[in-house]
Amino acid sequence: MASTIKTAISIQKSLFEEAENLAQELKVSRSELFGLAIETYVRNHQNQKLLQEINQAYADEPDPSENVRLTKMRKHHRNMVRNAW
């Protein structure tokens with residue numbers, strides 16, 4: 001069983017009221033709703049960081065050996081397509 005920590009937060013009254021209504025609608029406690037919200041936010045943040053890392057990895061230009069390989073692949077593909085028609 002996961003351990004829990006009690007904490008206090010300050011939020012705008014209107015947001016608190018929306019959270020209270022949503023918790024009632026979902027039939028969960030406010031604490032559970034806040035926990036779910038934080039969990040979702042943290043996961044989204046982790047996913048954004050991962051996406052940025054992936055985009056950064058693919059953003060660099062190919063090195064010269066990769067360019068040679070790509071040129072050969074394109075030429076081979078053109079020949080295959082040309083011979084198929």
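**Figure 1. Arg43 and Glu39 pair within helix α2 of this predicted model.** Arg43 and Glu39 sit four residues apart in helix α2, so about one helical turn separates them. Helices are DSSP runs of H or I with at least four residues, strands are E runs of at least two, and numbering starts from the N terminus. Arg43 forms a salt bridge with Glu39, with 3.0 Å between the closest N and O atoms. A salt bridge here needs a side-chain nitrogen of Lys or Arg within 4 Å of a carboxyl oxygen of Asp or Glu. By this rule the count is two. Glu39 is partly exposed, at 36% relative accessibility. Buried means under 20% relative accessible area, exposed means over 50%, and partly exposed lies in between (1.4 Å probe, protein chains only). Residues are numbered from 1 along each chain as its sequence is written. Local features need pLDDT of at least 70, side-chain atom pairs count only at pLDDT 80 or more, totals for chains, interfaces and linings use all residues, and side-chain values use heavy atoms, without hydrogens or water.

**Figure 2. Glu20 and Arg30 form a salt bridge.** Their N to O distance is 2.7 Å. The pair links distant parts of the chain: Glu20 lies in helix α1, Arg30 in helix α2, and ten residues separate them. Side chains of opposite charge can pair when their charged atoms come close.

**Figure 3. Lys27 lies in the loop between α1 and α2.** Most residues other than glycine have a negative phi. Lys27 is not a glycine, yet its phi is positive, about 60°. Lys27 counts as exposed, with 74% relative accessibility.

**Figure 4. The largest pocket has a volume of about 610 Å³.** On a 1 Å grid over the protein atoms alone, a pocket is an open set of points where a 1.4 Å probe fits, with protein on both sides within 12 Å along at least five of seven lines. Points are joined across faces, edges and corners, and the volume is the space filled by probe spheres set on them. Lining residues have an atom within 4 Å of a point. The lining holds 19 residues, and Ile9, Arg30, Ser31, Phe34 and Gly35 lie nearest the centre. Elements that give two or more residues to this lining are α1 (13-26) and α2 (30-59). Helix α2 supplies the largest share, seven residues. By class, the lining has twelve nonpolar, four polar and three charged residues. Ala, Val, Leu, Ile, Met, Phe, Trp, Tyr, Cys and Pro count as nonpolar; Asp, Glu, Lys and Arg count as charged; the others, Gly among them, count as polar.

**Figure 5. Phe34 belongs to helix α2.** Phe34 is partly exposed, at 24% relative accessibility. Phe34 and Ala23 are eleven residues apart in sequence, with 9.0 Å from C-alpha to C-alpha.

**Figure 6. The chain has three helices and zero strands.** Along the sequence the pattern reads α-α-α. The radius of gyration is 26 Å, well over the 12 Å that the globule rule gives for 85 residues, so the chain is more spread out than a compact globule. That radius is taken over C-alpha atoms, and the rule is 2.2 Å times the number of residues to the power 0.38. Along the principal axes, the C-alpha atoms fill a box of roughly 70 × 30 × 30 Å. Buried residues make up 5% of the 85.
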